[in-house]
Amino acid sequence: MPALTRRNLLISGGVGAGLLVAWAAWPRTYLPHLATAPGETAFGAYLKIGRDGQVIVAVPQVEHGQGVYTVLAQIVADELGADWRTVGVEAAPIGPLYANTLGAETLFSGAFTHIPEGLREEAWTRDALMLTAGSTSVRRFEAPLREAGAAARVLLCKAAARRWDVAWEECDTDGGFVVHNAQRLRFSELAAAAASEALPDELPLRLGEDGRLSGQSLPRLDVPAKVDGSANFVADVRLPDMVFASIRQGPRATSRLLSVNKPAAEKVRGVVAVVEHERWVAAVATSWWSANRALTALAPRFADDGPTLHDAAILRALDAALDAPGYRVAGAGDVSEVFRAARLIEAEYVALPALHGAVETPAATAQWQNQRLELWIATQAPSLARAAAAEAIGVAQGQVIVHPMMVGGSFGAALEPDVARQVAILAVRLRRPVQLMWSRGEALLQDRVRAPAKARMTARLAANGAILGWQAKIAVAATGHDMAARMMPDSLLRRISGVLPGGGDGYAMSGAVPAYRLPAFAVDHHPAAMALTTGHLRGGADGYTAFFTECFLDELAQAAGSEPMSYRVGMLGGDPRLARCLTTVAALGGWGGGIAGSGQGIACHAVAGSAIAVLAEAQVDDGGRPRVDRLVAAVDCGRAINPDVVRQQIEGGLIFGTGIAIGRGASYRDGLAQVRMFGDLQSPTLDDAPEVTVELIASASDPGGVSDLGVPAVAPAIANALHAATGVRRRTLPLRSSS
């Protein structure tokens, strides 16, 4: 086969393009492969009903505290007509039907901009690319889950109608029963017979709001087990003859292991083995504590020929990127003409690297037996973890069985498959089950941080304060490209995209286009090259692009002599959702206009089909450190499947965003991360966390994303509040100093 190059890919012009489109559009059918236990009947890919009346929903997304086990199951139960007390969940197996193509678009589409959308989606589906990220769970799976519930409801009604000798259309379901007038039959009595019935050409979905489970704040399915301690995480897995491992890696992907002190490690009680790899070393023992102590005794030394990583080098790389040509990712009108010979308002903002700080560090348990690897892992990307493990030990992916576990937080860190590779190698070399868990210091040292970014913002105002022109030049690493290369090294899409023209990174620039009505604007991406590996963090790139936009908008309002909230509403034009969020949060929070000395700031943002406005009240304490006293948020996320879960996610996002805004970001010196302990993050605690109020705005729109929604608008709202409190504008995130 000839090498794949841009020339031979495009040599035939329309023919080549036709081949790409034809391959993408070729019809394919993927069959369900949901496993059933004795007494269970499967209804398609998402639903099982047992003889005991239990309704089991196969959830293709990982539960890491965001409530996805509850919300996705609630969608099925609502359409099915189930009794919520009988509903349970299990992790869906890896398969094409569970591929999250919307999540892949969110994370990776920037790396494949020039590849047709249909081809991208087909490739991700064929590869069974299962992802939990980007606030996509409900948006991606609501439709197929509703269809699954409706299909099972119809089949149950048909089975009951056959017994009663009535038309199935006259039957309905309610609380786990099929009902027809006074007649009632339990799902459990009908399941086996129902599975052999045929579906009609069109599925009738439920209409109206009466008697619906959707829209109710039903109890979360994962909480009871978490409260009583019966929920299983990776650390709870126990296998016969299992040993425990701790690992030390070089500070960067280019690091090489030079030496270790094996004799010193072998003196630690309980040590079983020391496993060396070109990039890391692991100590294995009868307990994790012994393994970690042995790792310290090993005193591994690493070498790296690459450039030394430190804070000043990161800032220099951002400046160099801004001084180089960029890629236009969005625009309208002629900004250059608008700016010509005009008085301009300019400002620069910096967002330093941000850490995940998840409670659970990367962890996995594996055993190699009968030429098959079994893997229990905390992962947001089970198919990528399977591929990484298989590649690491040189076997086919079909020889790797993945058991996705609930994850203790993550915020995006569990997308990375490194721990899967490492534990697979350990299991094969040791020939016994092994549980690998990174230490807290290792997790922070190796963290794939949210990329540092710098923005040069320029605007021209009309005499009445309206924005005539807007330009945002943003220097940031091409994180979407980097994640695709790191997580999917053998992807066909990467081979194709490597020979097509480059451009801006869609992931890295997400949220950079203002929601405001601008007659002329330009948004440019200036890719920054630096010796820092970046990844996905909760809130994504919107976490820094919203900071740039909403802080600059406040500065423009001040220059125009306008009150910041009204100025925003006036600039929004035809976006009623954000305008309503702003007016609602202003009324709810007692907005006083953000005048000097008020300590009030406001910001808004739209992401993942949802809108939010945040009002912050903040001040500077006697030690000069910012303190946030109160946060009020108004949210329009479309139809809320479970309002309590939405509130929990917004509240969590607000607190998480506060930690990023006023906590401690990543710092580097002599090639090493300086933040190594959980306490060093200076995240909000129960003692100093702000008072939080969340108002959900009723909406009939399709559900939008909520897991990321609480994060982006927090930092600019706090920054604007600090300016109102002190008169000093802070343009660097975290907001520890003025500029």
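Helix H22 (residues 714-726) lies across strands S22, S23 and S24 (626-636) and runs at about 35 degrees to S23. Here contact means heavy atoms within 4.5 Å, and angles run from 0 to 180 degrees between N-to-C directions of axes, which are lines fitted to C-alpha atoms, for helices over the stretch in contact. Helices (H or I, at least four residues) and strands (E, at least two) are DSSP runs numbered from the N terminus.

This is a predicted model, in which local features need pLDDT of at least 70 and side-chain atom pairs count only at pLDDT 80 or more, while totals for chains, interfaces and linings use all residues. Residues are numbered from 1 along each chain as its sequence is written, and side-chain values use heavy atoms, with hydrogens and water left out.

- Four strands form an open sheet of mixed pairing in the order S22-S23-S24-S27; two strands pair if DSSP finds at least two bridges between them.
- Strand S22 (600-607) and strand S27 (691-696) stand at the edges with a single partner strand each, so one side of each has no neighbour in the sheet.
- Neighbouring strands of this sheet are turned by 15 degrees against each other on average, direction ignored.
- S22 and strand S23 (residues 610-620) run antiparallel and are joined by eight bridges.
- Val607 stands opposite Ser610 in S23.

**Aromatic pairs**

- The structure holds eight aromatic pairs, a pair being rings of Phe, Tyr or Trp (its six-membered ring) with centres within 6.5 Å; planes under 30 degrees apart count as stacked, over 60 as edge-to-face and the rest as tilted.
- The rings of Tyr46 and Tyr98 are edge-to-face, because their centres are 5.5 Å apart and their planes stand at 90 degrees.
- Tyr46 lies in the loop between strand S1 (40-43) and strand S2 (47-50), and Tyr98 in the loop between strand S4 (87-91) and helix H4 (101-108), so the pair ties together parts that are 52 residues apart in sequence.
- Both Tyr46 and Tyr98 are buried, that is, under 20% relative accessible area, with exposed over 50% and partly exposed in between (1.4 Å probe, protein chains only).
- The rings of Phe547 and Phe548 form a tilted pair, with centres 6.1 Å apart and planes at 55 degrees.
- Tyr349, Tyr544, Phe547 and Phe548 form one aromatic cluster.

**Thr545 in helix H18**

- Thr545 is found in helix H18 (residues 542-559) and counts as buried at 0% relative accessibility.
- Not counting residues up to four places away in sequence, Thr545 touches Ile474, Met509, Ser510, Gly511 and Ala512.
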